Amino acid sequence: MSTIEKAEVLVSSPGRNYVTLRITTSDGVTGLGDATLNGRELAVASYLRDHVVPLLIGRDPSRIEDTWQYLYRGGYWRRGPVTMTAIAAVDVALWDIKGKVAGLPVYQLLGGRSRDAVMVYGHASGVDVEELLNDIARFQDAGYQAIRAQTGVPGLAGSYGVRKGSVYEPAATSLPAEQSWSTERYLSFAPDYLRQVRERFGFNFHLLHDIHHRLTPIEAARFGKEVEEVRLFWMEDPTPAENQESFRLIRQHTTTPIAVGEVLNSIWDVQQLITEQLIDYVRTSVSHSGGITHLRRILDLAALYQVRSGSHGPTDLSPVSLSAATNIDVSIPNFGIQEYMAFAPETLNVFQGGPTFRDGALYVSEEPGLGVFYDDRAAARYPYDPKYLPVARRLDGSVHDW
Ligand code: CS2
Ligand code: MG
């Protein structure tokens, strides 16, 4: 019987910080898992290195479910982004190994294809509306059928979602940058610029917008109602989702579709949102919600309530996550859309292989497992570089959700 012989926690910063788990079996088969948690990377690296890796050595790598249960229940303390990201990395690495042993891409182990192409959305942004509109045109020229639109709010220093340079990365400073926020200014500005997007480009593409946890439920209800004419594919994270029942209020006032889940990490965190149909897309990611094994449970529950997938997928989830996500996306019945940001060239120097982007969609790799190779020599050129996500403060100086 093959056993787990080695499990390496690889920390590097090709373009941005990534934590990668590489498991090697006694037969020499390797599997990769993404353990990156933006702004808290070393917490997961330590959780793996100090508390999980010693438990893996000697285990049967084929026992994916048993290992998941062993790490989840055996950890005693339930859920949370650090725990569930660490478990996800182990889980995805074991699925990678299982695919390689079987000589099949992981999606073939998940029931095979339900679709050929995985529709993605790109991230258009600008410091002002004109720059945003020009960026949307660029994404349309690149073949995207779905585009997220974000721009700065006039008079506010710093703003969520505006790309600087070629790759968007919000964790850009060695201490949290402080950005100002005004709900009033946002609510009087955002619906109008989304209307301008439709006026300029029409309705023949999917338009998405990320509110990023910043409104109260009634403010989100007002926003959703005001933008119904814009026909958003979704409004994302309209209000913090710890209080799942708060979405009932939003639902009472608007038909604008809602997407939630990227900061959540277990089926219990989205259970009410799904079973009460308070959301339309669930965004939990393969790398932060317990891996392929747990994300499939979430998506199977979602399918019972006609909630579709919309998994988180910016560049702070590595190409290993994107490959695992695409293997899930191509196979599940209730696929909605996959978030996709082009990685920095340095990132692709280290993480080689995975899905390919073409005409607004991702095409899964046919290589066995996840089809991603981690190049240690390339990674050695990019040492860890601690970075923090920003913090938002209201105009009165109090902390707000970033
Ligand atoms: C964003 C993320 O992609 C999104 O929808 O919410 O970019 C998020 O801000 C980052 O993943 C935080 O690291
Ligand atoms: Mg988001």
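The following questions and answers concern a predicted model and the reasons behind the terms applied to its residues.

Q: Why is D135 called buried, whereas R138 is called partly exposed?
A: The relative accessible area of D135 is 1%, and buried means under 20%, so D135 counts as buried. R138 has a relative accessibility of 49%. Exposed requires over 50%, so R138 is classed as partly exposed.

Q: What makes the contact between R138 and D135 a salt bridge?
A: The N to O distance between their side chains is 3.0 Å. The rule asks for a side-chain nitrogen of Lys or Arg within 4 Å of a carboxyl oxygen of Asp or Glu, and the pair R138 and D135 therefore qualifies. The two residues are three residues apart in helix α5, and they are thus separated by about one helical turn.

Q: Why is the pair E130 and R200 said to tie together separate parts of the sequence?
A: The side chains of E130 and R200 meet in a salt bridge with an N to O distance of 3.4 Å. E130 belongs to helix α5 (residues 129–141) and R200 to helix α7 (residues 190–201), so the pair joins parts that are 70 residues apart in sequence. With a relative accessibility of 41%, E130 counts as partly exposed; R200, at 43%, is partly exposed too.

Q: How do you know that E229 and R195 form a salt bridge?
A: Their closest N and O atoms are 3.0 Å apart, and the limit is 4 Å, so the pair meets the rule. E229 lies in the loop between α8 (217–226) and β8 (234–236), while R195 lies in helix α7, so the bridge ties together parts that are 34 residues apart in sequence. At 21% relative accessibility, R195 counts as partly exposed, because buried means under 20%.

Q: Which residues are joined into one network by salt bridges that share partners?
A: The network consists of E236, E262, R283 and E339. By the rule applied here, the count of salt bridges comes to 23.

Q: Why are D210 and E236 called buried?
A: D210 has a relative accessible area of 2% and E236 one of 0%. The term applies under 20%, so D210 and E236 are buried.

Q: How do you know that F223 is in contact with Y186 and L232?
A: Contact means heavy atoms within 4.5 Å. Leaving aside neighbours within four places in sequence, the residues in contact with F223 include Y186, L187, H209 and L232. F223 is also among the residues with the most contacts inside the largest nonpolar core, which has 117 residues.

Conventions
Residues numbered from 1 in each chain as written. Chains lettered and ligands numbered in written order. Predicted model: local features only at pLDDT ≥ 70, side-chain atom pairs only at ≥ 80, totals over all residues. Heavy atoms only, no water. Core = buried A, V, L, I, M, F, W, Y, C linked by side-chain atoms within 4.5 Å. Buried < 20%, exposed > 50% of the residue type's maximum accessible area, 1.4 Å probe, protein only. Helix = DSSP H or I, 4+ residues; strand = E, 2+ residues; numbered from the N terminus.
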